[in-house]
Amino acid sequence: MTQVIEGVISRISGPVVRAKGMTGIKIRDLVEVGEMGLIGEVIEVRGDEIAIQVYEETDGLTVGEPVRSEGKPFLVELGPGLLGSVYDGIQRPLEVIRDQTGNFIERGASGDPLPRNKKWGFQPLVKPGDEVSEGDFLGWVQETPTIKHYILVPIGISGRIAEIQEGDFTVTDVIARLEDGTELTMMQTWPIRQPRPAKRKVPTSVPMITGTRILDVFFPVPKGGNAIIPGPFGSGKTVTQQSLAKWSDADIVIYIGCGERGNEMTEVLTEFPELEDPRTGAPLMNRTVLIANTSNMPVAARETSIYTGITLAEYYRDMGYDVALMADSTSRWAEALREISGRLEEMPGEEGYPPYLASRIAEFYERSGRVVCLGRGIPEGKPPFEGTQDERGGSVTVIGAVSPPGGDFSEPVTQNSLRIAGAFWGLDAKLAYSRHFPAINWLTSYSLYVDALREWYIQELGEEYLEMRTQLMDILQKEDELSKIVQLVGKESLSDPDKLLLDIARTVRDDFLRQSAFHEIEAYCPPKKAYYMMKAILTFYETCKRLLGKVPYAEILKLPGWEKLSNMRYFPNDAFEEPFQQLLKELEEEGATVGVGAAS
């Protein structure tokens with residue numbers, strides 16, 4: 001029998017409400033506040049007096065109204081029906097609430113996160129008499145046309161199957177029963193602030209292919225890694241994350257709009273359902289969950305949205321899927337922490353953020369990772385985990401946008417994120433204003449994962465791939481050094497080799513690093529195509545270097561190879577090998593066009 005703890009409101013300070021008479025309650029327990037039953041969470045306990053973080057507007061609440069709790073933490077519902085849904089920060093289904101209250105969420109509005117009346121075709125994978133334990137596959141349902149949802153034995157439960165049924169069931173119907181009487185349904189719950197367990201974490205050794213050349217080649221992130229995208233207003237954080245959501249080779253995408261402007265989130269909510277999944281041709285929403293908590297929504301729920309999203313990601317990871325989580329933006333989440341901390345009258349840290357900002361950011365990013373999942377059973381089409389017979393592996397890759405005020409990367413949220421993140425994709429306002437997209441600064445960005453991915457690159461693309469990557473980075477570094485000299489004395493005062501390096505660097509920037517997220521071909525670049533593009537640039541560079549001193553430099557600038565390099569990005573993604581082989585041959589023979597065939 002659930003024990004209900006009851007008390008009354010003693011003080012109200014914005015989203016933080018204090019109540020007394022709550023003996024026996026714990027930190028993070030869920031409570032209902034006031035006559036309207038507003039949802040809140042305990043964030044401080046002092047004797048029988050508690051502080052509650054209320055997830056809805058507290059206007060109209062009065063001292064003396066009742067507060068009640070069943071002594072349970074905030075739990076999210078996990079089961080079929082998550083994919084394709086749009087939730088707010090506390091997993092209320094926004095489309096269901098819209099039908100109830102219109103375009104604005106009324107206080108106290110609620111709805112079941114998973115539809116209770118929809119029936120799913122359950123196919124069992126075990127039979128009576130089988131021994132099962134936590135994380136084992138019980139069976140599956142076809143959640144969307146492209147994703148099978150595997151029903152897992154809940155954490156902490158094990159035993160022998162007494163009976164299991166096949167057929168159409170709702171998420172609350174009993175589908176199996178253990179010999180000890182435990183009943184199993186297709187739905188389970190989990191506290192959002194507690195990471196879901198796994199057998200073990202494993203090294204991240206497989207890259208997440210994003211289709212964006214500057215990321216895949218220069219600053220890769222592996223499946224199970226984490227990256228941050230800091231940048232000022234208008235530099236392309238949201239477009240970059242949306243492009244990653246569409247084109248990355250993750251199985252599942254969780255997109256969190258955390259404190260972003262309503263019009264930006266509206267674009268996401270209207271565009272995502274219309275986007276076509278390039279891998280299947282089906283709607284992208286078939287493998288996507290959207291969490292929308294815009295800047296005009298209650299600030300307390302914004303703080304929770306991050307944890308709701310990462311818990312959903314871990315759930316699909318436990319099925320053996322690779323999940324990409326996009327958090328846009330963690331700065332707004334940190335602002336929510338700051339506001340609530342101020343209401344609690346805590347000692348402020350740097351720039352008013354709470355002293356525990358760094359640990360909260362670390363707790364979030366550390367929930368990314370590549371793991372060996374609990375239980376038995378492997379998703380259809382997936383191989384067993386490396387070197388095993390029956391283990392399955394899954395991953396959560398976290399990509400967090402950061403919105404530093406004025407583009408100042410020295411502010412606390414960016415700096416504390418940098419200490420944790422393995423990849424830093426720094427957006428540059430100057431690049432954005434010059435229409436260079438993605439506006440990722442190749443001189444300030446970095447990835448700590450290149451060595452971990454080295455074996456994969458060598459096996460899939462050859463040793464030459466990493467060598468060419470290093471050569472292009474050297475060219476860009478030297479261009480930066482030479483550009484300072486050019487500003488002082490002009491380009492004409494440079495030697496011909498330096499002039500050539502600047503022109504090749506411009507080609508690297510304009511024809512390789514620049515990439516349109518809206519072009520039919522350019523939006524996605526396969527790794528092999530990026531390999532050929534690098535090879536073409538460096539081949540032409542070597543050809544031009546052989547011509548130096550034999551012909552005037554102006555003649556080198558007239559070579560047709562410059563224009564050919566500009567057009568190579570438009571080679572079809574499904575048939576580029578033959579055009580590139582022809583291009584490489586032509587670039588090697590460019591010397592003949594200036595009358596020095598022997599020199600070529």
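## Largest pocket

H4 gives the largest share of the lining of the largest pocket, five residues. The model is predicted. The space in this pocket comes to about 860 Å³. Its lining has 32 residues, and those closest to the centre are Leu94, Asn103, Ile105, Leu269 and Met297.

Three elements each supply at least two lining residues: helix H1 (94-101), helix H4 (262-271) and strand S21 (288-293). Sorted by class, the lining holds 15 nonpolar, nine polar and eight charged residues.

S22 pairs with two strands. Strand S20 (residues 252-258) runs parallel to S22 and is joined to it by six bridges. Within this pairing, Gly257 stands opposite Asp328 of S22. Strand S24 (residues 393-402) also runs parallel to S22, again with six bridges. There, Met326 stands opposite Ile399 of S24.

## Nonpolar cores

Nonpolar side chains tend to be buried together in soluble globular proteins. The largest nonpolar core in this model has 85 residues. The members that touch the most others are Phe218, Trp425, Leu472, Ile504, Phe512 and Met568. Helix H13 (residues 527-547) gives the most to this core, with 12 residues.

Which residues does Ile504 touch, leaving aside those up to four places away in sequence? The contacts are Ile475, Ile537, Phe540, Tyr541 and Trp562. A second core is separate and has 74 residues, including Ile192, Ile252, Ala313 and Val398.

## Asp574

Asp574 sits in the loop between helix H15 (561-567) and helix H16 (577-588). Is Asp574 buried or exposed? The relative accessible area of Asp574 is 72%. The cut-off for exposed is over 50%, so Asp574 is exposed.

Lys529 lies 45 residues from Asp574 along the chain. The C-alpha atoms of Asp574 and Lys529 are separated by 9.6 Å.

How values were computed. Residues numbered from 1 in each chain as written. Predicted model: local features only at pLDDT ≥ 70, side-chain atom pairs only at ≥ 80, totals over all residues. Heavy atoms only, no water. Core = buried A, V, L, I, M, F, W, Y, C linked by side-chain atoms within 4.5 Å. Buried < 20%, exposed > 50% of the residue type's maximum accessible area, 1.4 Å probe, protein only. Helix = DSSP H or I, 4+ residues; strand = E, 2+ residues; numbered from the N terminus. Contact = heavy atoms within 4.5 Å. Pairing = 2+ DSSP bridges. 1 Å grid on protein atoms, 1.4 Å probe; cavity = no way out; pocket = protein on both sides within 12 Å on 5 of 7 lines; lining within 4 Å. Points joined across faces, edges and corners; volume = space filled by probe spheres on them. Nonpolar A, V, L, I, M, F, W, Y, C, P; charged D, E, K, R; others polar.
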